[in-house]
Amino acid sequence: MALLKKHLILAPVLVMVIALLFGCESNFKEVQKSNFSEFVPSGEADKINLKYTDSGRITVVLISPKMREFATVDFPFTEFPKGIDVTLYDKNGKKTYIKSDYATSFKATNIIDLKGNVKINSQDGQMLETDQLYFDQKNEWFFTEKSFKFTDPKGVSNGKGIDFSKDFKVINSQSIVGEVLSAD
């Protein structure tokens, strides 16, 4: 009889412990869900054609089939998952054309990350091709550590690592090989 009383006392205690354990696990899952935030865009647009102006003069035309804005995340950015086609205009109206399969523009740094079949053409016949290229919008400067091919009316060169001004007037390369015609 004493053994039966002992089991009758332990049974409710065991039921309470099991209930607490399952209750805590369920509560833990709810806490996990509340800390999970979905990474969704705050805005989306299809078939965009943006024109940026400065003092009434068009400085950039950006065309893309898809744009996603992530303005509410800690490091806000704009994504162009289906690529971009950009035309940059200098103060004299000279154009530089940029194409890539994918692009991300980071608001805090004013850096654009261009990826996949990146091609830049100047109006003077210069062209740079690479897999990834960054553009510093504030300083109007391009740079990459990736392999590249640079075509100029004077010749073709290949290398790894390059940075240059948007008008190709200043070009610095880390490693380059190729043939270029000299003025001699």
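By class, the largest pocket is lined by 17 nonpolar, 6 polar and 9 charged residues. Here Ala, Val, Leu, Ile, Met, Phe, Trp, Tyr, Cys and Pro count as nonpolar, Asp, Glu, Lys and Arg as charged, and the others, Gly among them, as polar. The model is predicted: local features need pLDDT of at least 70 and side-chain atom pairs pLDDT 80 or more, while totals for chains, interfaces and linings use all residues. Residues are numbered from 1 along each chain as its sequence is written, and side-chain values use heavy atoms, without hydrogens and water.

A pocket is an open set of points on a 1 Å grid over the protein atoms alone where a 1.4 Å probe fits, with protein on both sides within 12 Å along at least five of seven lines; lining residues have an atom within 4 Å of a point. Volume is the space filled by probe spheres set on the points, which are joined across faces, edges and corners.

| Pocket | Volume | Lining |
|---|---|---|
| Largest | About 660 Å³ | 32 residues |

Nearest the centre of the largest pocket lie Val60, Leu88, Ile112, Phe135 and Gln137. Strand E2 gives the largest share of that lining, 6 residues; strands (E) are DSSP runs of at least two residues, numbered from the N terminus.

Val61 also sits in strand E2. Is Val61 buried or exposed? Val61 counts as buried because its relative accessibility is 12%, where buried means under 20% and exposed over 50% with a 1.4 Å probe, protein chains only. Its C-alpha atom is 4.5 Å from that of Lys51, 10 residues away along the chain.

Notes. Helices (H or I, at least four residues) and strands (E, at least two) are DSSP runs, numbered from the N terminus.
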